[in-house]
Amino acid sequence: MRHKSRSVLPGFGVSLGITCTYLSLMVLLPLATVFTRSAELSWPEFWSTVTSPRVVASFRVTFGASLAAALVNSVFGFLVAWVLVRYRFAGRRVLDAMVDLPFALPTAVAGIALTTLYAANGWVGKYLQPLGIKVSYTWLGITVALIFIGLPFVVRTVQPVLDDLELEVEEAAASLGARRWQTFTRVVLPSVAPALLTGFALAFARAIGEYGSVVFIAGNMPMRTEIVPLLIITKLEQYDYAGATAVAVVMLVASFSLLLTINLLQRAARRRVEA
Amino acid sequence: MATIAITRPAGAAPPAIRRATGESPAVRRVLTGLALAFLGLTLVLPLVLVLHEALAKGFAAYLAAIREPDALSAARLTLLIAGVAVPVNLVFGVAAAWCIAKFEFRGKSLLITLIDLPFAVSPVISGMIFVLLFGAHGWFGAWLADHDVRIVFAVPGMVLATTFVTSPLIARELIPLMQEQGSDQEEAAIVLGARGWQTFWRVTLPNIKWGLLYGLILCNARAMGEFGAVSVVSGHIRGETNTLPLHVEILYNEYSFAASFAVASLLTLLALVTLALKTAVEWQQRRQALEGAETSVPTERIAA
């Protein structure tokens, strides 16, 4: 840690001024309106809005599918990171670059592509149809879209940690008589666990707010496949601003708590590395 | 650790070690196969499908769909929005990274968290906040109506929402990079008599150019592809307040699938170019890091 009471570099006042002014006007003031607007509702009104059956159902859909998608991504994201870091095969670099596709591809494009793919007559859907599995326009479809969106978060959080793992530690475990599986569960997994947990939280946080990729594949049936962001839009379109802000407040509180958790997780992980 | 291997009988040690720190060929093959199948299903297949569907009605129909006046005006609006949002966020990103990376002050970690805040906000809510501010029933709604200024359900609102959503991207790219590089070189330049801007242009900028370029590319891709936030504040008027992603949605909902995928293929191309540039920038960064041995390798960053 550097301790510097005074720097010779110029521009501190200007750059901090620009940063704080911009953040206040562009980010904090607009976000604050959500909370001031929802304060116009009395507590019972607020409570009855966010506990109405349709809102609760949409919370269940959003949080349930996000949780399922983040769990799938934790398993497969770890596998992908492992294979990319440890093994050498043709096309590895291309696949490595491809992992960021969900960051770069507009969500609407992902949405229509996945919907077409998993529709009953789609490339993947037609093989699932005879098995009685419907994906597009169901809860499963929402999860599929959220898996797509969340994958890079897990891979890109776990990958650098796997890269930095020292092989000597695994050799030591092996030379002390550990089997490969034991080495993996007792040596590798504990070192990667904080990163994996962070990746899970990032994927989950992204999933609960996701709109574009989900709205096409979801079917958007109230009570069954309606996600929270869509419900907010519906309420806005009906000029139910109070209702929309009430639901948004719940979402923002959930998102900000997740952000806080992720920051704490990352700080803890950094401390482990530095120790 | 290497001494352990040496103390073992010479013939037996290497295979035992190899088995210990790696998996058997069969396990490797199964794991690689599983990972490839998963990536193929989730990433490659949707890409291939977009291109396939875009050309489903032939190349002439494809060209017609992307040359149609509504598509062209959507493309123009998309460029306009990115043309405002990206430079604004560039100024903000550089200013934020400069004060955070080069100076010590109280409340710094709070400031970093606040910069990240838009990442944690659902795109729908990012659009909604501007409706609450500038809509007919919003804080400034009455004043705006009196002065006949339209912000929400018009282009200014779409610019604002996009700027909000993409605001952390360049700052997030630059802060870790500049923190790692420290400020010794800049301090030396100042002590030797360089002025503030000279120091920035001649010393800082060459050091951060690749990170900055990647931040710009990513910010641009996100600005052009933003859907949820823009959808809330757009008037959804064809030829007026439609961006390319919104045009894709309209065509898709009208069952003009081939045309919808044709426009989507343009956005897909943008994404692929972004990924290619990102990979190139990462190679450059690695090379730069290897060349300047005293500057440490930039850590992998998460582009969220």
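Student: In which helix do K278(B) and E282(B) both lie, and how many residues apart are they?

Tutor: Both residues belong to helix 14 (residues 257-291) of chain B and lie four residues apart, about one turn of the helix; helices are DSSP runs of H or I with at least four residues, numbered from the N terminus, while strands are runs of E with at least two. This is a predicted model, in which local features need pLDDT of at least 70 and side-chain atom pairs count only at pLDDT 80 or more, whereas totals for chains, interfaces and linings use all residues. Residues are numbered from 1 along each chain as its sequence is written, chains are lettered from A and ligands numbered from 1 in the order in which they are written, and side-chain values use heavy atoms, with hydrogens and water left out.

The side chains of K278(B) and E282(B) form a salt bridge, with N and O 3.0 Å apart; the term requires a side-chain nitrogen of Lys or Arg within 4 Å of a carboxyl oxygen of Asp or Glu. K278(B) counts as buried because its relative accessibility is 9%, while E282(B), at 23%, counts as partly exposed. Here buried means under 20% relative accessible area, exposed over 50%, and partly exposed in between (1.4 Å probe, protein chains only).

Salt bridges that share partners join K278(B) and E282(B) with D96(A), D100(A) and R156(A) into one network. Within chain A, R156(A) pairs with D100(A), their closest N and O atoms being 3.2 Å apart. This pair links distant parts of the chain, 56 residues apart: R156(A) is in helix 8 (residues 139-164), and D100(A) is in the loop between helix 4 (92-98) and helix 5 (101-104). Both R156(A) and D100(A) are buried.
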